[in-house]
Amino acid sequence: MDGNLYALSAPTPDAFADFCGGNAGGPHETCVSLAALPGTDAFFAIRDSKPEGAGKELRFTGSELDDFATGWVRTRGLSL
């Protein structure tokens, strides 16, 4: 791995898991979708379900997402 996550293949549409909130079930569902990059278990793609986000994604390592997730939970005062 040369460090360029964007050089890796994109996940297939059915590989994404949706984490939804807001207007659940509405015509403009607000979801964050996450999938592992093909052939890896440590690199991920995140995308937005809103029409304005179509075709765009961000890619992160598992460590980057773990750090983000724990920081998000902590700063939002959430618990698991």
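How many bridges join β3 to strand β4, and in which sense do they run? Here are some notes to read with the model open.

1. **What you are looking at.** This is a predicted model, so local features need pLDDT of at least 70, side-chain atom pairs count only at pLDDT 80 or more, and totals for chains, interfaces and linings use all residues. Residues are numbered from 1 along each chain as its sequence is written, and side-chain values use heavy atoms, with hydrogens and water left out.

2. **The overall plan.** The protein has 1 helix and 4 strands, and along the sequence they come in the pattern β-β-β-β-α. Both kinds of element are DSSP runs numbered from the N terminus: helices are H or I with at least four residues, strands are E with at least two. Buried residues make up 20% of the 80 residues. For that label, buried means under 20% relative accessible area, exposed means over 50%, and partly exposed is in between (1.4 Å probe, protein chains only). Take the contacts between residues at least 6 apart in sequence: 30% of them join residues at least 24 apart. Contact here means heavy atoms within 4.5 Å.

3. **How the strands pair.** Back to the opening question: 4 bridges join β3 to β4 (residues 58-61), and the two run antiparallel. One place to look is Ile46, whose bridge partner in β4 is Leu58. Strand β2 (residues 30-36) also pairs with β3 (residues 43-48) in the antiparallel sense, over 5 bridges. Two strands pair if DSSP finds at least two bridges between them. The hairpin of β2 and β3 has 6 residues between the strands, and there Gly39 takes a positive phi near 80°.

4. **Ser33, a polar residue inside.** Find Ser33 in strand β2; it stands opposite Arg47 in β3. Is Ser33 buried or exposed? Ser33 has a relative accessible area of 4%, so it counts as buried. Its side chain makes a polar contact of 2.4 Å with the side chain of Asp18. (A polar contact is a pair of N or O atoms within 3.5 Å; within protein, one must be able to donate a hydrogen and the other to accept it, and residues adjacent in sequence count only if both atoms are side-chain atoms.) Leaving out residues up to four places away in sequence, Ser33 touches Phe16, Ala17, Asp18, Ala45, Ile46 and Arg47.

5. **The nonpolar core.** Which residues form the largest nonpolar core? There are 6: Leu5, Phe16, Ala35, Leu37, Phe43 and Ala45. The rule asks for buried Ala, Val, Leu, Ile, Met, Phe, Trp, Tyr and Cys residues joined through side-chain atoms within 4.5 Å. In soluble globular proteins, nonpolar side chains tend to be buried together.

6. **Two salt bridges.** The structure holds 2 salt bridges, each needing a side-chain nitrogen of Lys or Arg within 4 Å of a carboxyl oxygen of Asp or Glu. In one, Asp48 and Lys50 have their closest N and O atoms 3.0 Å apart. Asp48 is partly exposed at 32% relative accessibility, and Lys50 is partly exposed too, at 34%. In the other, Glu57 meets Arg59 at 2.6 Å, N to O. Glu57 is partly exposed at 25%, whereas Arg59 is buried at 9%. Arg59 sits in strand β4, and the residues it touches beyond four places in sequence include Leu5, Tyr6, Leu37 and Ala45.

7. Phe68 and Trp72 are stacked, 6.1 Å centre to centre with 25° between the planes. Rings of Phe, Tyr and Trp (its six-membered ring) pair if their centres lie within 6.5 Å; planes under 30 degrees apart count as stacked, over 60 as edge-to-face and the rest as tilted. Both residues lie in helix α1 (residues 62-76), 4 residues apart, about one turn of the helix. Phe68 is exposed at 53%, while Trp72 is partly exposed at 43%.

8. **One last residue.** Asp14 is in the segment before β1 (17-21) and is exposed, at 69%. The side chain of Asp14 makes a polar contact of 2.5 Å with that of Thr12.
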